[in-house]
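Here is a short tour of one protein model. Have a look at the structure first, and then we'll walk through a few of its helices.

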Amino acid sequence: MGDDKVISLCSRARTALAKAKTFEDFKDVRDCGEAAIRLAKSRRDVGVEALTEAQEIVRRAERQLGLMLPAVTGGSGRKKTDTMSVFLSDLGIHEKQSSRFQKIAQVPDEQFEEWICDCRATGDEMTQASALRLAAECTADPLQKKEQPPHEEMSDAIEKAVAKFLGQLTRPDQFAYVRRRIERLSEFLKEEEEAHGVRGARNKTALPSACACVLT
């Protein structure tokens with residue numbers, strides 16, 4: 001089965017990742033993980049978990065490569081010349097990859113691990129593009145970030161929390177318990193609407209979509 005082949009590749013790559021020390025080691029891990037991703041996407045009998053495992057290994061390897069590149073290439077501030085391109089080619093990567101890996105490496109450990117956990121919980125793919133978006137968010141100038149209104153921040157926090165744990169519910173009693181708590185939250189929001197005189201307004205308070213899917 002395709003799952004078995006992908007899992008086997010991931011197992012080898014995960015073991016190699018734990019033992020990797022040199023740039024070449026992490027490059028080999030990434031190559032093995034990429035092979036697992038290609039196999040997973042070419043087969044219909046491969047589950048999401050196998051693909052996610054392969055993508056996580058690749059992103060972790062790219063992150064380590066990005067951390068090591070400044071030292072290996074003589075410093076991130078080194079001028080890009082024809083010689084530099086050849087040197088990166090000797091390492092088995094090109095300039096775009098070097099830039100992307102170093103951007104991913106700039107993501108703080110805590111945020112990176114949280115992103116991994118969130119992707120596993122929601123089933124989102126850990127693509128390189130997604131990791132680069134995370135890097136852009138983490139390195140953006142705080143003064144240029146638009147402050148999120150409190151009601152949007154609260155809604156996002158609720159939806160993120162629900163989405164994180166929703167995939168772990170397996171029994172009817174677990175869903176029933178969460179449903180009761182969300183219904184209680186819904187009633188509380190209605191009471192607050194009435195207290196503030198917005199009951200019946202066109203834009204009523206709505207629960208985040210992740211909560212709504214539990215109630216439907």
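Let's start with helix α6, where Phe112, Trp115, Ile116, Asp118 and Cys119 are buried (buried means under 20% relative accessible area, exposed over 50% and partly exposed in between, with a 1.4 Å probe and protein chains only). Looking down the axis of α6, you'd find these buried residues within an arc of 165 degrees, so they line one face of the helix. The arc is that of the directions from the helix axis to the C-beta atoms. An α-helix has 3.6 residues a turn, so residues three or four places apart point the same way. On the face of α6 turned away from the buried side sit the exposed residues Asp109 and Glu110.

Before going on, a word on where this comes from: it's a predicted model, so local features need pLDDT of at least 70 and side-chain atom pairs count only at pLDDT 80 or more, while totals for chains, interfaces and linings use all residues. Residues are numbered from 1 along each chain as its sequence is written, and side-chain values use heavy atoms, leaving out hydrogens and water.

The protein has 10 helices and 0 strands; these are DSSP runs numbered from the N terminus, with helices (H or I) of at least four residues and strands (E) of at least two. Of its 216 residues, 33% count as buried.

| α5 | 95–105 | Gln97, Ser98, Phe101, Gln102, Ile104, Ala105 | 160 degrees |

Which helix packs with α6 at an angle of about 145 degrees? That's α7 (residues 128–139), and the two axes are 11 Å apart. Axes here are lines fitted to C-alpha atoms, for helices over the stretch in contact, and angles run from 0 to 180 degrees between N-to-C directions. Gln111, Phe112 and Trp115 of α6 make the contact with Ser130, Ala131, Leu134 and Cys138 of α7, where contact means heavy atoms within 4.5 Å. Just after α6, Gly123 takes a positive phi of about 85 degrees.

One last stop: Gln55, found in helix α3 (residues 48–72). Is Gln55 buried or exposed? Gln55 counts as buried, because its relative accessibility is 2%. Leaving aside residues up to four places away in sequence, Gln55 touches Ile37, Lys41, Glu125, Met126 and Thr127.
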